[in-house]
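This report describes selected features of one protein model.

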Amino acid sequence: MKKWVQSDDGSYTAYSPEYDEHYHSTKDGALNESLKKHIEPAFMLHKGKDHLRIIDICFGLAFNTLLTLYYRDTYCPDTTIEIYSPELDGELVASLVEFPYPDIFEPYRNIITDITTLGGYEDERTQITVDIIDARMAMRELEGEWDVCYQDAFSPQTNPLLWTKEYFGDISRLMGGDSVVTTYSTALATRLALYENGFNVYLNRGEGYRNATIASRRELIEYEKVDMEHKITCNPEAKSLRDKSLGL
């Protein structure tokens, strides 16, 4: 059983002894981090779209998925949502019926129950699939074109397999021309891996949360573009993570 930990915005996250990390930034706050680094950018950059297909890496405590539903229901009620989320820790998913979620998630308790018992949820506006599977394998097997990828795995330092150039190549295959990847990581190695897979890289920053990254093949006027060629010139020894260097 993971240890529940209260973060600075009052919402709870959990500590993983396996990775020696919390599932969210305790400083930014679990709810606030999910909102500012993933959900708000995803919806803003797909404004007016009536159907969104979202990959949520990894399901974890379900904040990204649940907050996606809350944001949709609050601001875009006519939008239908499809979410696919791989998660390696089946025991964690099963435990979420007991998790102390923020009050705004209370309307979605039935969805959590269905996910923990059935592996997913579906109604006329929503389809959620949670696979207990390694995310690398899941991304190799997944098909179709997706609008958003919430890249929210444990950090490159502790879980490098989900941050390599080859991994982002699998993500790139699933992303269309106007799709976006959102992540909390601002590491140069992460940005290089995205850039080497044909993504433009952007800085996501604002009040009340630490800087984050957004990537897309299209030009995003809403965010400050990172000059990756300049970064490479200034950091000639910098490299993206590679499967080969990790023994794969």
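## Aromatic contacts

Trp4, Phe63, Phe99, Tyr101 and Phe105 form one aromatic cluster. The model is a predicted one, and the values given here are computed from it. In total, 13 aromatic pairs are counted. The pair of Phe63 and Phe105 is edge-to-face, because the ring centres are 5.7 Å apart and the planes stand at 75°, where an angle over 60 degrees is the criterion for that class. This pair connects distant parts of the chain: Phe63 belongs to helix α2, whereas Phe105 lies in the loop between α3 and α4, 42 residues apart. Both Phe63 and Phe105 are buried.

| Charged residue | Aromatic residue | Distance from ring centre |
|---|---|---|
| Arg53 | Trp146 | 3.9 Å |
| Arg217 | Phe199 | 5.0 Å |

Arg53 lies over the face of Trp146, and the charged end of Arg217 sits over the ring of Phe199.

## Strand β5 and its partners

Strand β5 comprises residues 80-87, and seven of its eight residues are buried, which leaves the strand mostly covered. One of its partners is β4 (residues 51-57), which runs parallel to β5 and is joined to it by five bridges. In this pairing, Ile55 stands opposite Tyr84 of β5. Together with α2, the strands β4 and β5 make a right-handed β-α-β unit.

## Helix α4

Which residues of helix α4 are buried? Within this helix, which spans residues 109-118, they are Ile111, Ile112, Ile115 and Thr116. These residues lie on the same side of α4 because they cover an arc of only 130° around the axis. Thr117 and Leu118, on the other side of α4, are exposed.

The buried residues of α4 are covered by elements that include the helices α2 (63-75) and α3 (90-95) and the strands β6 (120-122) and β7 (126-132). After α4 comes Gly119, which has a positive phi, near 85°.

Note on methods:
Residues numbered from 1 in each chain as written. Predicted model: local features only at pLDDT ≥ 70, side-chain atom pairs only at ≥ 80, totals over all residues. Heavy atoms only, no water. Buried < 20%, exposed > 50% of the residue type's maximum accessible area, 1.4 Å probe, protein only. Helix = DSSP H or I, 4+ residues; strand = E, 2+ residues; numbered from the N terminus. Arc of directions from axis to C-beta. Contact = heavy atoms within 4.5 Å. Pairing = 2+ DSSP bridges. Right-handed = clockwise from strand over helix to strand, strands pointing away. Phe/Tyr/Trp six-rings, centres within 6.5 Å; stacked < 30°, edge-to-face > 60°. Lys NZ or Arg CZ within 6 Å of the ring centre and 35° of its normal.
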